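Visitor: I would like a close look at one part of this model, a single helix together with what surrounds it. Please take me through it slowly and in a connected way.

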Amino acid sequence: MARFRTWAGIALAGALSVSLAGCSSTGGKRAEDARKAAAAQGRAAVNTPRWTFAMITHSGDGDTFWDIVQSGAKQAARKDNINFLYSHDDEAQQQAQLVDAAVDKKVDAIIVTLAKPDALKAAVARAEKAGIPVITVNSGSEESKAFGALTHIGQDETVAGEAVGEELNKRGRKKALCVLHEQGNVGHEQRCDGVAKTFRGTVRKLYVNGTNMPDVQSAVEAKLQADPSVDSVVTLGAPYADTAVQAKKGAGSKAEIDTFDLNAKVAAELTDGTLGFAVDQQPYLQGYQAVDLLWLYKYNGDVLGGGRPVLTGPQIVTRDQAAALADYTERGTR
């Protein structure tokens, strides 16, 4: 009887071994794939062809927001065995020419921003005609589908503006200055219009030359000096938040400075109370998902979003959350 139990135990152990081996081809295989990806330490985690993806944005020189977008895109490119090319120009016609250049290079996919969609429409159409899949990011969510892009990744700028208006209401603000640093950028107009839609106070727009920080500071300072009743300044990009802080000091104003987007400086100023709140649209995620979704499309025919934008924001970040994000902003991923 004892001998029978021993052999039965061996048989049962063998059966379990076979069963577990079968499981390893499903959940176990995924775990193994994840282990291999973690062990890759920046090397490709896949063996798909080395496709070339080009990202062309409307960024000006030195814009830290786009450094974060690139950081996400490059990380996904390493994982997905992608040759990643990045170019940018804040002049819409020049940006369109960069798209044309990517088409001429016969890249395998294109990621593009549509801050000034009319200027990019023909270039995107040429990419589509050449059979190059396109994903739009950050700006142009309303035009993306009509232009033939697979999907759009970013935040809905109107919704983000509405969130700001609601936050200003919570803080008891009465008069806000919305600072637009790039004239003709439809996303910026949508942000300020969104603020005005939900804010129970008054919103005034101020157009500035975002490529000249001293001019930005002078313009904001002059407005605050001329109208002491302004109790909130909303900037539309993280690099402009600290400039508005300096303008506030120069004007002797008590206005709260709030901003769209996040970086290490903004996180620090949220923590010490210099800024009121920030709206994070998670630029790292925009870059990462754009590359990753194009890889999924090339590899498996996948399209995310069901014809609607894939939203990465908005998230209101206040003093309470800023400290927890500090490590991420320091490493350039938030």
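Predicted model: local features only at pLDDT ≥ 70, side-chain atom pairs only at ≥ 80, totals over all residues.

Guide: H7 itself covers residues 157-170, and its 14 residues reach 20 Å from the first C-alpha to the last, close to the 20 Å expected at 1.5 Å a residue. Because 10 of those 14 residues are buried, H7 is largely enclosed by the rest of the structure. The buried set holds Glu 157, Ala 160, Gly 161, Glu 162, Ala 163, Val 164, Gly 165, Glu 167, Leu 168 and Asn 169. As background to reading such a list, an α-helix has 3.6 residues a turn, so residues three or four places apart point the same way.

The two ends of the helix can be described in turn. At the start of H7, a side-chain oxygen of Asp 156 comes to within 3.1 Å of the backbone nitrogen of Thr 158. At the other end, H7 is followed by Gly 172, which has a positive phi, near 75°.

The strands named above lead on to a sheet. Six strands make up an open sheet of mixed pairing, in the order S7-S6-S8-S9-S10-S12. Its edge strands are strand S7 (202-207) and S12, each of which pairs on one side only, and neighbouring strands of this sheet are turned against each other by 25° on average, direction ignored. Within the sheet, S9 and S10 run parallel and are joined by two bridges, and Phe 260 stands opposite Val 279 in S10.

A disulfide joins Cys 178 to Cys 192, with an S to S distance of 2.0 Å. This pair links distant parts of the chain, since Cys 178 belongs to strand S6 and Cys 192 to helix H8, 14 residues apart. The link of Cys 178 and Cys 192 is left-handed, with -85° about the S-S bond. Cys 178 has a relative accessible area of 2% and therefore counts as buried, and Cys 192 is likewise buried, with a relative accessible area of 2%.

The loop between S6 and H8 contains His 181, which counts as buried because its relative accessibility is 12%, under the 20% cut-off for that class. Leaving aside neighbours within four places in sequence, His 181 is in contact with His 188, Val 208, Asn 209, Gly 210, Leu 236, Gly 237 and Tyr 240.

Gln 282 lies in the loop between S10 and helix H12 (283-300), where its phi is near 55°, a positive value in a residue other than glycine. With a relative accessible area of 22%, Gln 282 is partly exposed. Pro 314 is placed in the loop between strand S11 (310-311) and S12, and the peptide bond that leads from Gly 313 to Pro 314 is cis, with omega near 10°.

Technical notes: Residues numbered from 1 in each chain as written. Heavy atoms only, no water. Helix = DSSP H or I, 4+ residues; strand = E, 2+ residues; numbered from the N terminus. Expected span 1.5 Å × (residues − 1). Buried < 20%, exposed > 50% of the residue type's maximum accessible area, 1.4 Å probe, protein only. Polar contact = N/O pair within 3.5 Å; in protein donor to acceptor, adjacent residues only side chain to side chain. Contact = heavy atoms within 4.5 Å. Disulfide = S-S within 2.5 Å. Pairing = 2+ DSSP bridges. Axes fitted to C-alpha atoms, helices over the stretch in contact; angles between N-to-C directions.
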